[in-house]
Amino acid sequence: MKKSVGTALRIPYGYLPKLWGINRSTYRPFRTIASQNMSGTKRPGDGLGPKAGGKRWKRNKTAQEAKSSLRSTGSHEEILLEDVKFLLGKSQESGSSHPQPQSAVPEQFSQVELSISMLASTGDGLAVSQDGTRVYVVPFTVPGDTVIAKIVKSFSSYSMTDLIEVKEPSNERSDDLIFCKYFGRCSGCQFQMLSEEFQLQHKKNVIAKAMQNFSNMDPSLIPPIGEVMPSPLLRGYRTKLTPHFDGPRRGGFKEGAPIPDIGFQLKGRSFVLDIEDCPIGTDAVRGGFRSQRDYVKDNLQTFKRGATLLLRESTERIFSSAANDEEDPARAYTEIKTCITDSKALVTEWVGESKFASPAGSFFQNNNSILEKFTAFVQEQLVIPRLPGQDPSESYLIDAYCGSGLFSICCGHGFKGILGVDISPQSIESAKKNAIENGIHNARFITGNAEAIFADVEFPPEYTSMVIDPPRKGCDELFLSQLLQLGPKRLVYISCNVHTMARDIGWLVQQDLGKDYNIDKIGGFDFFPQTHHVEGYAVLSKNG
Ligand SMILES: C[S@@+](CC[C@H](N)C(=O)[O-])C[C@H]1O[C@@H](n2cnc3c(N)ncnc32)[C@H](O)[C@@H]1O
């Protein structure tokens, strides 16, 4: 690993307190971590802005869900606490050799020197007090760093801090990799100072810890975690960004009102950091960002309050006369990419040769560069091995949480019947049209809660594969228990929150009283390079 030049790295972290005047008089406290992300409804990268469209699909808890409300939510706080507990346990066993401060609740805004010993699953560095009873959470650090940090807020067993200075960089830190001038302040990316190799290894470890801490499973039933598959693009990959700005509580923006900060959340705070450009966005999205900033500045008085801006890439393929050139289809078209900002306008995305159209405000995976490889992988996992004499064409696919039909369309060729379900009527509308457009004529899509699928499905379970791709909060127990009753032969669970994935897989395995399911594979894809997020998968097969 390359070591950074110089001993004391002061930029950009060293400017934190100066730039924002964060001191006793101007300090706006943290939202507690608990309130930052307890809903579990956000998507990775939501440090970049609230989800466009809000929580339209929120519904009241069913009695079953209420009963199971003690289940883990996979929230940021829960995930951090697992790592805090682990580190405290470990250091009490071994005793720390580092010169750490004592554990008494540290004074707010005091500065401490810390040796970072672990990278949490939340993406923050962790250091432990000398007596092993307090953990310090330091953003933008890596194990092996010696840093000065400023205490911002303390809880019973840990303190949140701001990074002030890296005094001695870790061998794992390569600050020359940092490509964004907002790194160290923006909450969107935390890992720019880490090599891709380190990020992938860390994400694999995050999946392993999630299975260990959140599945409640006998470790012997958990297979070795597979490598996390890299993203072809490490920056310039996000096809959707949602920067935002705050506004006056009432009365709208008056004439001559100052232009608000427009951007993403300042790391560890609840206010917006002004951002002019975001290099993890695609070129089209970055261009859209610049023009939307100008639009807000020129039209501020038309806004009654703050707003979230939607920036979504749309790709049009212009096919040339060589469109039939099967030897090199890539030469047969050119792509025109634009940025759409109206949530109702249709955007087009291509995944390999499959074309998807959906309203800009609806869900679509936002790292297009990895989708062809990823969907090919999912397709392979869905294949049910056949015994000699069995008809391979007798196979069916259930696409739960299907969105606009990504898996039904990219993985659905060869299935005799496909049934998809999603709670969003707009997504279902898109899925129906997209399936036809891509030559899938045997798919049916229904709008409803995921469990609605079980009332409708008539496929023979022994020939049925099911892909399950829920939102961050994972699946309801009602859905999982009906899934067990149906007993499809092959399950492929996909998730942007590996902690709720671990919880749901653990639940399935424990409730599977006939011990019918084996976990074949667990691993991940790096959908979100430079951030601590990882897309996880688990493949399960039914015996017999
Ligand atoms: C992570 S996205 C996956 C979408 C699709 N599989 C894809 O990859 O494009 C999760 C989807 O679940 C849907 N959803 C959220 N809650 C749901 C529920 N209770 N029942 C069914 N669908 C739900 C959302 O509308 C969204 O389309």
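A residue is called buried here if 20 or more other C-beta atoms lie within 10 Å of its own, exposed if 12 or fewer, and partly exposed in between, with C-beta atoms placed from the backbone.

## About the model

Welcome to a predicted model, in which local features need pLDDT of at least 70, side-chain atom pairs count only at pLDDT 80 or more, and totals for chains, interfaces and linings use all residues. Residues are numbered from 1 along each chain as its sequence is written.

## Helix α12

Let us start with a helix. Helices (H or I, at least four residues) and strands (E, at least two) are DSSP runs, numbered from the N terminus.

Twelve of the 14 residues of α12 are buried, so the helix is largely enclosed by the rest of the structure. Among these buried residues are Val498, Met501, Ile505, Trp507 and Leu508. Their cover includes α4 (76-94), α5 (196-214), α11, β21 (490-495), β22 (517-525) and β23 (535-542).

## Two nonpolar cores

A nonpolar core is a set of buried Ala, Val, Leu, Ile, Met, Phe, Trp, Tyr and Cys residues joined through C-beta atoms within 7 Å. The largest one has 70 residues, and Ala400, Val467, Ile468, Val492, Tyr493 and Ala538 have the most contacts inside it. Helix α12 gives this core its largest share, seven residues. A second, separate core of 51 residues includes Leu119, Cys189, Phe264 and Ile280.

## Around the ligand

The ligand is surrounded by 19 residues, the closest being Tyr401, Gly403, Ile423, Ala450 and Asp469 (a residue is near if its C-beta atom, placed from the backbone, lies within 6 Å). Both α8 and β18 (417-422) give two or more residues to this shell.

An unreviewed UniProt entry lists Gln365, Tyr401, Asp422 and Asp469 under "binding site"; such annotations may be inferred rather than shown by experiment, feature names are shortened, and positions follow the numbering used here. Tyr401 sits in the loop between β17 (396-400) and α8 (406-410), while Asp469 lies in the loop between β20 (464-468) and α11 (477-486). Tyr401 counts as buried because it has 23 C-beta neighbours inside 10 Å, and Asp469 counts as buried with 23 such neighbours. Leaving aside residues within four places in sequence, Asp469 is in contact (C-beta atoms, placed from the backbone, within 7 Å) with Tyr401 and Ile494.

Terms used:
Contact = placed C-beta atoms within 7 Å.
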